[in-house]
Amino acid sequence: MWGTFDFLLLAIFLFVFLNGLLKRAKLWMIGQSENRWDNVGERVSGIFQIGFGHTRILREKLPGIFHFLLFYAFTIPFFMILLCQLNFSISKPIANVLSLIFDIIGLCGLISTIVFFFRRILAGENAEFDTKKEDIIILAVLFFIFATGFITEGTRIAIIGKNSTISPVGVFFSLILPASPEFLRIIWQIHFILVLILLGTSPYTKMFHIITGPLNLFFRNLKPKGYLKTEDLEEMEEFGVNRLERFTWKQILDFDACIRCGRCAENCPANLTHKPLNPKNLIQNLKTYMENYNQEEAQPIINNAVIEDEIWSCTTCMACMENCPMMIEHINKIVDLRQYLVLMESKITNELQVAFRNIENNGNPWGVGHAKRADWAEGLDVPIMSEVENPEEIEILFWPGCAGAVDDRYKKVSIAMVNIMKKAKVKFAILGTEEKCCGDPARKAGNEYLYQNIARENIETLKNYKVKKIVTACPHCFNTLAKDYKDLGGDFEVIHHTQFIRKLIDEQRLRFIKNYDKKVIYHDSCYLGRWNDIYEEPREILISAGVKELLEFDRNRRKGFCCGAGGGRMFMEETLGERINNARVKQGLEKNPECFATACPFCMTMITDGVKEFKKEDEIEVKDIAEIIDAITIEN
């Protein structure tokens, strides 16, 4: 049991802890309101699954396993010690088992601190997790907590004796420790004080993640992945974010949840191609800005905490968010900062300004006349919704998207999809000239006003024809139509063409006449993969197509490497660092493919340009999955 001095120390460090916690909470509350209290049961289960289960941390095996061991080596004994203060008794067999378990997990904790120490020392400056004095001090304190715990146990065993099979590590220590009650009291006091120091000062150190981590997991986004809040722009006087109080309280909490592990930066294509953006540094710089914030004297965020080139380097590929163990939401912050630049200061590049104007005037970023939107379908006998006698009888609305309708290369994919649907006897139609850009490039590039206007027009058109299902070959259209339109009243069933083709194959509505006899490497589209978890359907289609060999990039699926065109970057010059598409193609060329397979118009363009950059266009094809299937199937 604890003595008076122990309770006094506990009270002091509890005060220090609560004082620090309240100061941080006051900073969080500077932000705008946001409802993150829905579905409490799901939120609590997420803490157990993601937090206690370490599902995301364990994606990186070595650090994940040792963090798992360290976490439980600290938390289990800590809570058991608290329970023991209730002065209840347990049977000897159970006590023996617990003693053995505590010995094992304590040893795991001791080893884990040593592993993490050497990992940081050996990694040096090459690691994306930056090592600060604070990290070394925390590891040292943890090491001495476990060490003094074993010394305490060993001394007690030396005094009273104990079976070596019950506390093997303690027995080992007892062989070299004095059987001194006074020594035992001193070591226990040191052990207790170290624990209090570690926990009591946590709001001021990196250890604060033991609080902010579970909080951030509880308040994580439960809406569709990458969800961006749809504001009522007519009610707003200021757009986007350039001051701390313009962020929501959850966005500010994110800053304190970041533990500088660097997993976001290790997977960020902008960072890996030497752009100004490093998502870990972005969050940490915003955290520093928060800590020094004075509402009356605060400097703007942009060009103080974050520079404009950082903001515009992001491709919204979601590699940062998908690999963050704390589920920090980077993209919504970047889009908010872009909104301020675009809607408040009109700070956009000339190319992006042209793309916005083209979307507004012609319904597509390329500026092709709106009247030519359906020219790609001439001679294909494709039904157009406005000419169909009973639109409600149409099974599928095919949405080619801007690229599929006006880009010369991707028109071929739209034609391939028409051929496939005809072979499978699908009753489909298109909107033709009534279809407009879904709005994704405008929204991700910060022009929320343009996005909402054009989205509402599309929603009205789709509702007018009572559209049931939409199939599109563009992941950006797929994501926007399926998720974003819901906030504006557009609730449609949207299917990506890889899902649709996979379904047609499963239903045996397509007949293969030959194999696609090439070594194919499949490139994961970010908006198909990380944004919508569609990884297997494209690969299953290629296997069904009988490819000679299905190759994989070293960076694939959730760790896939962006093509560089998302987030409006398709319509911006890439002048800083290495071109992302060239880096991606270089990764693919290491596998000696005969064909790059894609499932996205932006990826098609960027990969094709990369293949040309390496002068491989005469040796290597770049094909959409729809083109591959169209080439090897006939009507069933």
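Here is a short chat about how some labels on this predicted model come about.

Colleague: What ground rules apply here?

Modeller: It's a predicted model, so local features need pLDDT of at least 70 and side-chain atom pairs count only at pLDDT 80 or more, while totals for chains, interfaces and linings use all residues. Residues are numbered from 1 along each chain as its sequence is written, and side-chain values use heavy atoms, with hydrogens and water left out.

Colleague: Why is Ile-121 called partly exposed?

Modeller: Its relative accessible area is 47%. Buried means under 20%, exposed means over 50%, and partly exposed is what lies in between (1.4 Å probe, protein chains only). For the protein as a whole, 55% of the 636 residues count as buried.

Colleague: Which nonpolar patch is Ile-121 in, and what makes a patch?

Modeller: Ile-114, Phe-117, Phe-118, Ile-121 and Leu-122 form the patch, with about 490 Å² of accessible area together. Areas come from the Shrake-Rupley method with a 1.4 Å probe, and for residues only the protein chains shown count as cover. Patch members need over 30% relative accessible area and no salt bridge; nonpolar side chains (Val, Leu, Ile, Met, Phe, Trp, Tyr) are joined within 5 Å, like charges within 9 Å. A salt bridge would be a side-chain nitrogen of Lys or Arg within 4 Å of a carboxyl oxygen of Asp or Glu. Ile-121 itself is in helix H4 (residues 92–123).

Colleague: Which residues does Pro-77 touch, and what counts as contact?

Modeller: Contact means heavy atoms within 4.5 Å. Leaving out residues up to four places away in sequence, Pro-77 touches Tyr-72 and Ile-105. Pro-77 lies in helix H3 (residues 61–84), and its C-alpha is 59 Å from that of Ala-403.

Notes
Helix = DSSP H or I, 4+ residues; strand = E, 2+ residues; numbered from the N terminus.
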